[in-house]
Amino acid sequence: MMSGGLTLKSIRRLNFGVEIPLVGLGVFRSPAGETTKHTVRAALQAGYRHIDTAKIYGNEEAVGQAIRESGLPRAEAFVTTKLWNTDHGYDVALRACEESLAKLGLNYVDLYLVHWPVEGLRLDTWRAMERLLADGKARAIGVSNYMSRHLEELLDHCTVTPAVNQLELSPYNYLYRKEVVDPCRAQGIALEAYSPLTKGQKLNEPKLVAIAQKYGKTTVQVLIRWALQQGFIVLPKSNDPARIRQNADVFDFAISDADMAHLETFNVNLVTGWDPTNAP
Ligand SMILES: NC(=O)c1ccc[n+]([C@@H]2O[C@H](COP(=O)([O-])OP(=O)(O)OC[C@H]3O[C@@H](n4cnc5c(N)ncnc54)[C@H](OP(=O)(O)O)[C@@H]3O)[C@@H](O)[C@H]2O)c1
């Protein structure tokens, strides 16, 4: 496989100058084993260089195998995994990272995220994340599903600011998440958009279809492009090679300011997975 610099628009967005490709393949609910291997292989062939997995997805082994078998140099693949909720606490978190690395077959991940702001132990967990960064087990560390109050607490106690906050983000919930999006932007914490395709729920909505037709694109491509124009790193999931290619074909058009404003009006506080709004 060809290599030569990360692609799918990698930029130096994370702290410590770590480069991250703006479009990443999500592998939530991608079945472990051959399906995930096939999917990751298809994505790498389509030019993706960023894979977003998690311990709880149960497919870290397959992700690691597919990357190794691709023949790409390690530095050409950006790999994220996440610390699960039962692995909070300093020592447990250190061990959990080692276990994920062993499953992935890697010496380090590019980004290690706290999956959810579990109450009670999350500050101890963050000290472990900082240790993992210092030890070179992760090139960048961040959080996921943190609301502004969780971030404030973390920023009051951390030595290293999280590089990333990964949230559910689409036009259908952007305004709902503004209370955390705005402080992240102000603090230089990169935002990653998960479930950017609304898990497929809104893809046939007539007002979204109308925008897609106007640009000669699919509704999925409009949603991915919207996320990029918001300045988000975007993580569409598909197990289908043709869709994986389609989802990366988003750099030849731009949504107008007027249509970006129109898309903002689509907000319905959509939550397709878990909702951290009231997480203590
Ligand atoms: N941090 C967190 O708590 C968290 C939570 C949820 C998700 N995530 C991350 O974000 C990633 C994406 O989110 P998600 O998996 O929830 O959902 P998503 O990306 O919003 O939507 C995935 C759905 O869209 C379909 N799809 C993909 N491309 C398509 C296309 N071109 N045309 C039509 N349908 C298409 C997929 O079906 P096919 O697979 O059949 O193509 C799948 O059913 C996850 O995989 C994961 O990495 C993180």
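**Entry 1, the model and its overall form.** I began by noting that this is a predicted model, and then I turned to the fold, where I found ten helices and ten strands in the chain. I looked up the radius of gyration next: it is 18 Å, close to the 19 Å that the globule rule gives for 280 residues, so the chain is as compact as a globular protein of that length. Taken along the principal axes, the box that the C-alpha atoms fill is roughly 55 × 45 × 30 Å.

I looked for the site of the ligand and found that the largest pocket holds it. The shell around the ligand consists of 27 residues, of which Asp 52, Ser 195, Lys 237, Ser 238 and Arg 243 come nearest. Sorted by class, this shell has eleven nonpolar residues, eleven polar ones and five charged ones.

For Ser 238 the distance is 2.6 Å, for Ser 195 I noted 2.8 Å, and for Trp 274 the value is 3.2 Å. As for cover, the ligand on its own has 910 Å² of accessible area, and the protein covers 86% of that.

Notes:
Residues are numbered from 1 along each chain as its sequence is written. This is a predicted model: local features need pLDDT of at least 70, side-chain atom pairs count only at pLDDT 80 or more; totals for chains, interfaces and linings use all residues. Side-chain values use heavy atoms; hydrogens and water are left out. A residue is near a molecule or strand if one of its heavy atoms lies within 4 Å of it. A polar contact is a pair of N or O atoms within 3.5 Å; within protein, one must be able to donate a hydrogen and the other to accept it, and residues adjacent in sequence count only if both atoms are side-chain atoms. Accessible areas come from the Shrake-Rupley method with a 1.4 Å probe; for residues, only the protein chains shown count as cover. On a 1 Å grid over the protein atoms alone, a cavity is a set of points where a 1.4 Å probe fits but cannot get out, and a pocket is an open set with protein on both sides within 12 Å along at least five of seven lines; lining residues have an atom within 4 Å of a point. A molecule sits in a cavity or pocket if more than half of its atoms lie within 2 Å of its grid points. Ala, Val, Leu, Ile, Met, Phe, Trp, Tyr, Cys and Pro count as nonpolar, Asp, Glu, Lys and Arg as charged, and the others, Gly among them, as polar. Helices (H or I, at least four residues) and strands (E, at least two) are DSSP runs, numbered from the N terminus. The radius of gyration is taken over C-alpha atoms; the globule rule is 2.2 Å times the number of residues to the power 0.38.
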